[in-house]
Amino acid sequence: MSDWSTRKQVFDWLDAQQNMYGDVLSRELLSEGLQLDGQRVPLIGPQGIFKPRICDLPISITSIPDGPYDDGYAESGQILYKYRGTDPRHHENVGLRTAMKNKVPLVYFFRVMPGRYLAEYPVFIVNDSPQNLTFNVQVDDKLYRNRAPDGEMVVEDASTEFRREYITAQVRQRVHQKSFRERVLRAYSKQCAICNLKHEQLLDAAHIIPDSEEMGVPSVNNGMALCKIHHAAFDRMFIGIRPDRTVIVRSGLLTETDGPMLKHGLQGMHLKRINVPSRRLDWPKESLLESRFEKFISQTSKS
């Protein structure tokens, strides 16, 4: 099997895993990997630059926040990925350099929390800076890899750089969002703070103060795990949460007559205290709840 064919099957396998489990995948799953031609192909290893036995060049690179390597973002928005060690001739650095020269696609894993990784692919090494011990990385469209002729995955044209810049910027935002979601859902034991729903696929990490505002920091105490119904209701001011963590349903809704969702899902939550994380440090910050509740009172008093 050719190296190109292996990479295509790896990407297809990752598509299937994300369809099943969501964008963030477990290390256990990635370490086990997939079976190709009777061989196990793991996708992640103990080192950040990883090459499985079946491949000629590395298949993946991994960034770990606060890890031993100072990965980050360039002013251009490209991902900065540090060399393995300080020797540009280290075989893993040589592998990435060769992947850059041959325009070989890889997988980029970002650890959003221990044991949980966001997978982005295909990514390309687009620049090598030995003086800074750094590679520059860009992400491309997952669907774009299927448009290439002659069995290859990559076709570059005049729009390639602009497309990758845009997609890489989106990935940076997605890393932020997924990291926040994973930390909040874990703090709340993967259940809705209002109704206790435990199906992770139906849960969101809701900001108390939106991240577009100055106080909207991506910390767990500015978030709550909410099911999609209660997240939408909270965002649209159908419900508010007092600083003492009590749910208040908008007065107009309390007098409406509708089906069981309104009766049990919203009206039935009125004056209920939300569930909070086991660590007090992760509880919703009272000052943030107060600021948000003031907006709720202001908006609902006008309706």
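Here's a quick tour of the cysteines and salt bridges in this structure. Keep in mind that the model is predicted. There are zero disulfides anywhere in the structure, but the count of salt bridges comes to 18.

**Cysteines**
- A disulfide is a covalent bond between the sulfur atoms of two cysteines.
- Take C195: the closest cysteine sulfur to its own belongs to C192, and at 3.6 Å that's too far for a bond, because a disulfide needs the two sulfurs within 2.5 Å.
- C195 is partly exposed, with 30% relative accessibility.
- C55, on the other hand, is buried, at a relative accessible area of 3%.

- R7 pairs up with D3 in a salt bridge, and their closest N and O atoms sit 2.5 Å apart.
- Both residues belong to helix α1 (residues 3-21), where they are four residues apart, or about one turn of the helix.
- R7 and D3 are both buried.

**Salt bridges between separate parts**
- R164 and D140 form a salt bridge, with 3.0 Å between the closest N and O atoms.
- R164 is in helix α4 and D140 is in the loop between β10 (134-139) and α4, so this pair ties together parts 24 residues apart in sequence.
- Both R164 and D140 are buried.
- E200 and R116 form a salt bridge too, with their closest N and O atoms 3.7 Å apart.
- Here E200 comes from the loop between α4 (160-187) and β11 (203-207), while R116 is in strand β9 (residues 116-129), so the linked parts are 84 residues apart in sequence.
- E200 counts as partly exposed at 24% relative accessibility, whereas R116 counts as buried at 15%.

**A network**
- E200 and R116 also belong to a network of salt bridges that links them with R181, E182 and K190.

Notes
Residues are numbered from 1 along each chain as its sequence is written. This is a predicted model: local features need pLDDT of at least 70, side-chain atom pairs count only at pLDDT 80 or more; totals for chains, interfaces and linings use all residues. Side-chain values use heavy atoms; hydrogens and water are left out. Buried means under 20% relative accessible area, exposed over 50%, partly exposed in between (1.4 Å probe, protein chains only). A salt bridge is a side-chain nitrogen of Lys or Arg within 4 Å of a carboxyl oxygen of Asp or Glu. Helices (H or I, at least four residues) and strands (E, at least two) are DSSP runs, numbered from the N terminus.
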